[in-house]
Structure formats: C-alpha cells, structure tokens
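This report considers how two chains are arranged, how they touch, and how selected elements within one of them pack. The structure under discussion is shown here.

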2 protein chains.
Amino acid sequence: MFRSSINLKAPYLIFFGDVRDQLNAKTGLGVAHWAPERCAGQMKFSGCRIESGLPNLGLQEALKARVRTVIIGVAPTGGQLKETWLPPLLEFARAGIDIAAGLHSKLADIPELVKAAQSGGARLVDVRIPPANLPCGSGRRRTGKRVLTVGTDCAVGKKYSALALHRELVRRGIDATFRATGQTGIMIAGEGIPIDAVVADFVAGAAEVLSPDNDDAHWDVIEGQGSLVHPGYAGVTLGLMHGSQPDALVLCHDASRDSVLDVDGYFPIPPLDEFIDRALTAARLTNPECLCAGISVNTSMLTGDERAAYLEALTKKHGMPAVDPIAIGVHAIADYLLGQVR
Amino acid sequence: MFRSSINLKAPYLIFFGDVRDQLNAKTGLGVAHWAPERCAGQMKFSGCRIESGLPNLGLQEALKARVRTVIIGVAPTGGQLKETWLPPLLEFARAGIDIAAGLHSKLADIPELVKAAQSGGARLVDVRIPPANLPCGSGRRRTGKRVLTVGTDCAVGKKYSALALHRELVRRGIDATFRATGQTGIMIAGEGIPIDAVVADFVAGAAEVLSPDNDDAHWDVIEGQGSLVHPGYAGVTLGLMHGSQPDALVLCHDASRDSVLDVDGYFPIPPLDEFIDRALTAARLTNPECLCAGISVNTSMLTGDERAAYLEALTKKHGMPAVDPIAIGVHAIADYLLGQVR
C-alpha cells in the first residue's frame with residue numbers, strides 16, 4: 001500500500017506576505033484563478049498590491065471561515081521563507097491550520113514552525129516532496145480516458161492548457177479530473193505528485209498512480225512536464241508520458257520560440273509535424289491508440305491578424321485544431337478530442 | 001561544487017558470507033572478474049562454495065594486505081543484511097575498513113554498524129545512494145569521446161558489453177574509462193553514479209557529471225540502463241542518453257527475447273533497425289553526430305551453428321558488426337567504433 005498523492009485540505013488562505021510583483025506571486029494568483037472554490041481568502045501585508053480578488057482574512061476570520069490550509073503563494077528570491085512571514089504562519093500553525101509551500105527551503109527545516117505545527121496539530125506540507133513508496137511502472141493498461149499536455153519546451157503553457165481543457169470538459173458536463181504533476185498544479189487541484197522530484201526509476205510508476213483506473217467515460221486531464229527535446233528534462237517527460245498512457249496528447253508551443261530556452265547551446269525545436277510524430281511514437285509504447293487532439297499555442301507576441309493567420313495555417317497543415325488557449329480558448333480541442341476518442 | 005560521484009577505495013575484500021548460489025553472489029563474482037587489480041581477497045563462511053579465485057582473508061590478513069573496503073558481494077533474499085554477517089563486518093569497521101553495499105536496506109540504518117564505523121573511522125558506503133547536489137542537464141558539449149551501451153530490454157548485457165569494450169580499448173593502448181551507472185558497475189570501477197536512484201530532474205545532469213570533459217583522444221565507455229521501449233524505465237534511459245551525449249551507441253540484445261520481461265502486458269521489442277533509428281534520433285538531440293557502432297547479442301540459447309548464422313545475418317542486414325560479447329568478444333565493435341569516430 002502506498003499513499004497515492006500529496007493531499008491539501010480546502011478551504012485555503014493564500015499567503016502573499018509582502019510580495020511586490022505579479023511574477024513572484026504567480027503561484028498564489030494561479031490558485032485563486034483556477035480554484036476559487038477552494039479559496040476562502042488571502043493574507044497580504046500592508047503595502048502589498050497583489051490583487052487576487054479574495055478577501056483579506058486575519059487569524060480569527062480564517063478560523064471562522066474554517067480555513068484548513070495556508071498556501072504560501074509566493075516564490076521569494078532565493079527560495080527561502082522570509083523571517084518577516086514567520087509570525088503569522090506560526091499563529092496559523094498553532095491554531096491547527098496546515099501550512100503548504102513549494103519553496104526550495106523545506107518547511108520542516110524551520111524548527112519554530114515544526115514546534116508550532118506540533119502544538120497545534122497542523123501539518124507542514126511541502127508540495128515538492130513526492131509521496132513515499134511509489135512503485136515502478138508496470139505498463140498495465142488502465143480503464144478510463146486520459147489526455148496529456150506535451151510541450152515543445154518548458155514554460156509553453158502545458159499547465160494552463162490542461163487546466164483550460166479540464167474546465168471546458170467539466171463545463172460540458174463531462175466527468176473529468178485535472179491531474180497535477182507540478183507544485184502550482186498540486187495546490188490548484190489539492191492533490192497530485194511533483195513528478196520531476198520523483199526518483200528516476202519510479203517516474204512512470206508515479207504517473208500510473210496519479211491517474212488510476214476509472215469509469216470508461218471519465219477523463220483525466222494530465223499536466224505535462226518538460227519537453228522531449230529538452231536536453232535536461234526529456235527523461236522526465238518520457239516517463240510521465242509512458243505512465244500516463246494517454247489516449248490523446250495536446251501539443252503546447254510558443255509561437256515566438258524556435259529553440260529551447262535556458263540551456264547551454266542551440267537546441268532547435270523541430271517542425272511541429274515532426275515533433276508530433278516523435279511524441280506519438282513515444283506515447284504509443286503504452287497506448288498504441290494515442291492520437292494528437294490539437295495544438296495549443298501561446299501567440300501573445302503576435303498581433304490579432306497575425307494570430308488568426310498563424311493558427312489557421314497550423315490547423316490546415318496538421319489537420320487538427322490549433323488555438324491560443326488564452327486568446328481563443330480550447331473549445332475546438334475539446335470538440336476534436338471528444339469526437340476522436342470514444 | 002558537488003561531489004562528483006561515489007568513490008570506493010581499493011584494495012577490496014569481497015564478502016560472500018554464507019551465500020549458496022552463484023546468482024545471489026553475482027555482484028561479488030563480477031567485481032572479482034572485472035576488477036581483479038582492485039581485489040585483495042574474499043571472506044566466506046565455512047561451507048560456502050562460491051569460487052571467486054581470490055584468497056580467503058581474515059581480519060589480520062586483510063589489515064596486512066592493506067584492505068580499504070569490504071564489498072558486500074551478495075544479494076540476500078529480501079535485500080536485508082543477515083544477522084550472522086554482522087560480527088565480522090563490525091570487526092572490519094572497527095578496524096577502520098570501509099563497508100560498501102548495494103542492498104535494499106541501508107547500512108546506515110544498522111545502529112551497531114554505524115557505531116563500529118564511527119569508532120574505527122570507517123565509512124559506510126551505500127552504492128544505491130547518489131551523490132548530493134547533482135545539477136540539471138545543460139546540454140553543454142564536452143570534449144573527449146563517448147560510447148554508451150543501450151539495450152532492447154533490461155538484463156541484455158549492457159554492463160557486460162561496456163566492460164568488455166572498455167577492456168578491449170585499454171588492451172589496444174587507448175586511454176579509456178569505464179563509467180558505471182549501476183551498483184555492480186560502481187563496485188567494479190570504484191566510482192560512478194547509480195543513475196536510476198537519481199531524482200528525475202537531475203538524471204541528465206548526473207550523466208553529464210559522470211563523463212566530464214576529457215582529452216580529445218580519450219574514450220568514456222558508459223554503462224547503459226533500462227530500455228527505450230520499457231514502460232517503466234524508458235525515462236531513465238533517455239535522460240542517461242542525453243546527458244552522456246555519446247558519439248556512438250552499442251545496441252545490446254538477447255536473441256531469445258521478442259518482448260520486454262517483467263512487465264504487465266505484451267511490450268514487443270521492435271525490429272532492430274527500427275530500434276536503432278529511434279535510439280539514434282533520441283541520442284542526436286545532444287550529439288547530432290551519434291552513430292551506432294555495433295550490436296552485442298546474448299546468443300547463449302543458440303547452438304554454435306545457429307549463432308554464426310544469426311550474427312552473420314545481423315551484420316549483413318545492419319551494415320555494422322554483430323557479436324556475442326562472451327562467445328565471440330567485442331573486437332569487431334572496437335574496430336568499427338575506432339574507424340568511424342575520429
């Protein structure tokens with residue numbers, strides 16, 4: 001038996017502290033945007049201008065709202081919890097409210113916080129630490145349907161596209177679950193496995209655990225990681241693909257990018273048809289029926305006219321919907337997916 | 001800065017204890033076979049019939065021979081160190097001799113052994129635990145030459161073929177290093193990284209660390225892991241390939257196998273030409289010049305005549321040497337490798 005995944009209890013209070021810019025607050029803003037039903041409020045220090053749309057709650061208000069978890073929604077420079085954040089966090093922990101974070105430094109390495117959590121009966125949940133006792137991947141076919149986002153690079157919208165597709169399926173009354181594989185995704189879903197922190201031998205097995213047997217009509221929408229053409233992370237991507245055994249992939253891309261970012265050397269992104277072929281060849285090891293259900297592109301660098309022409313050309317060339325998930329939405333991909341996979 | 005790899009000090013004493021069969025003693029026998037120059041002796045209990053060819057040494061003789069490390073050469077049922085093995089191991093540790101093992105249970109979890117090691121100033125080295133602070137893979141091209149064994153499945157001779165090829169290169173006066181990625185390989189080489197125990201995000205980076213910049217004429221012969229068509233381990237294989245950035249692959253195969261073993265379902269091994277194409281496509285991400293230097297096949301299930309015909313057919317079909325590394329040796333692969341990669 002193994003604990004199948006990290007688990008965060010709602011409702012949340014999103015902690016922004018004294019964060020100054022949107023980029024460093026994107027985890028908390030993402031949770032507020034994608035999981036409003038899990039969020040009771042926020043806490044920010046005076047002077048913090050982040051706008052999540054959630055009400056500000058102090059400890060007493062949080063207790064009244066039955067908050068179960070404080071989510072550290074900030075990525076501080078250096079990855080360390082700031083000293084000035086500690087006093088309110090200690091209060092929450094002493095009051096029995098879990099604290100969850102995905103920082104480089106571990107919550108469990110802060111003795112005061114550990115003591116406060118023990119005294120209050122609260123948990124310190126580090127969403128970068130995968131559950132213990134994950135199995136190796138067996139390749140066993142599972143029931144239910146699965147779609148996985150794959151990317152031409154990191155940071156091309158794999159999480160966003162999966163969340164948008166999940167939301168669209170649910171809107172249509174389809175039984176669907178978003179399956180999180182990264183820290184923000186896990187906070188949004190309230191559960192998941194940080195796949196890139198899993199020991200290599202167990203990555204495919206972790207992905208198998210993440211999307212278990214389900215009803216035939218149920219869809220798991222799985223958040224992809226890395227890229228098959230990234231020299232540092234392709235192994236993670238492949239293990240996640242194999243364990244997910246997806247019925248369909250959604251290819252995520254950034255229209256302004258022709259090579260992989262943040263690497264040492266020039267790693268070109270292959271033409272998308274070639275990329276799709278390679279991704280499907282890889283995915284078909286564990287699901288021979290896997291197909292590509294669409295292309296989800298960040299076109300924010302294009303003008304409106306350029307975008308329309310670009311997406312139309314992609315759609316024609318590849319014979320599948322090509323959308324910008326923010327500017328256009330993923331309706332066309334949902335249509336195609338549901339039409340192709342039965 | 002990071003410690004680049006596990007490091008074991010020679011000379012070794014190989015501990016066989018009361019092991020009954022060759023299969024459970026294969027780690028120790030492998031070390032004695034491939035690294036006789038690192039082995040001073042063995043210790044086995046009376047009644048143990050394993051024959052490593054090494055002299056039996058007690059503690060006093062081991063000290064005289066300046067033994068630095070006791071290698072647990074046995075894989076006990078259940079993966080636990082046996083109670084009856086502890087008394088001699090405690091003596092060695094108290095005398096300042098390191099103890100190294102690759103068991104499921106950790107040496108550091110045996111309090112008596114920890115105490116003995118502390119009192120003697122000995123290290124307890126678990127070759128299943130990777131070094132800390134490995135980097136992510138950057139894709140930076142390194143100097144020197146590299147060949148990596150890749151397999152159609154697990155247990156098809158990747159370690160054996162790499163060791164045999166390394167030995168053959170050294171015999172020809174070529175400056176070459178065997179790079180170990182698994183526990184027995186690490187014990188043989190005295191250093192290495194257990195690649196499948198590395199956190200997924202760092203697998204390619206670990207492989208980059210394992211075979212650092214070197215002289216232009218130097219060859220690293222890297223031990224492969226897993227298989228690109230194994231539903232549980234392909235991600236490990238791919239990360240190792242990318243980080244190794246090999247100039248050449250050697251394909252390892254078992255002539256009697258048409259599908260992957262120990263998985264849940266039928267995972268066929270593709271035709272070898274297709275397999276080679278896929279492996280080269282993957283490898284060329286980080287080394288566009290990568291080629292396949294030969295096929296190393298376990299043909300132990302074939303008769304002598306069958307073997308000759310089988311290997312001749314493979315050689316003709318693929319236009320590269322095909323050998324059985326045990327029955328025939330890897331000379332032809334070394335010839336082809338050195339002719340093709342300059």
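## Confidence and chain arrangement

In this predicted model, chain A has a mean pLDDT of 96, and 99% of its residues reach 70 or more. The scores for the model are ipTM 0.94 and pTM 0.95.

Chain B is superposed on chain A by a rotation of 180° with 0.0 Å of shift along the axis, at an RMSD of 0.0 Å. This is the relation of a two-fold axis. Both copies use the same surface, since 100% of the contact residues of chain B recur in chain A.

## The contact between the chains

Chain B gives 32 residues to the contact and chain A gives 32 residues. On the side of chain B that touches chain A, the elements giving two or more residues are α7 (203-210) and α8 (234-244) of chain B. The largest share of that side, 6 residues, is supplied by α8(B). By residue class, the side of chain B that touches chain A comprises 17 nonpolar, 10 polar and 5 charged residues.

Helix α7(B) also deserves attention for its surroundings. Of its 8 residues, 8 are buried, so α7(B) is largely enclosed by the rest of the structure. Among the buried residues of α7(B) are V203(B), E208(B) and L210(B). The buried residues of this helix pack against α8 (234-244) of chain A, and also against β8 (176-179), β9 (191-192) and α8 of chain B.

## The sheet of chain B

Chain B contains an open sheet of 5 strands in the order β3-β2-β4-β5-β6, with parallel pairing. The edges are formed by β3 (39-44) and β6 (124-126) of chain B, each of which has a single partner strand, so one side of each lacks a neighbour in the sheet. On average, and with direction ignored, neighbouring strands of this sheet are turned by 25° against each other.

Strand β5 (residues 98-101) of chain B runs parallel to β6(B), and 3 bridges join the two. A100(B) has V125(B), in β6(B), as its bridge partner. Helix α3 (residues 86-94) of chain B packs on the sheet and touches β3, β4 (69-72) and β5 of chain B. The direction of α3(B) makes about 130° with that of β5(B).

| Relation | Value |
|---|---|
| Chain B superposed on chain A, rotation | 180° |
| Direction of α3(B) with that of β5(B) | about 130° |

Key: Residues numbered from 1 in each chain as written. Chains lettered and ligands numbered in written order. Predicted model: local features only at pLDDT ≥ 70, side-chain atom pairs only at ≥ 80, totals over all residues. Least-squares fit on C-alpha atoms with pLDDT ≥ 70 in both. Contact = placed C-beta atoms within 7 Å. Helix = DSSP H or I, 4+ residues; strand = E, 2+ residues; numbered from the N terminus. Nonpolar A, V, L, I, M, F, W, Y, C, P; charged D, E, K, R; others polar. pLDDT = per-residue confidence, 0-100. Pairing = 2+ DSSP bridges. Axes fitted to C-alpha atoms, helices over the stretch in contact; angles between N-to-C directions. Buried ≥ 20, exposed ≤ 12 C-beta atoms within 10 Å, placed from the backbone.
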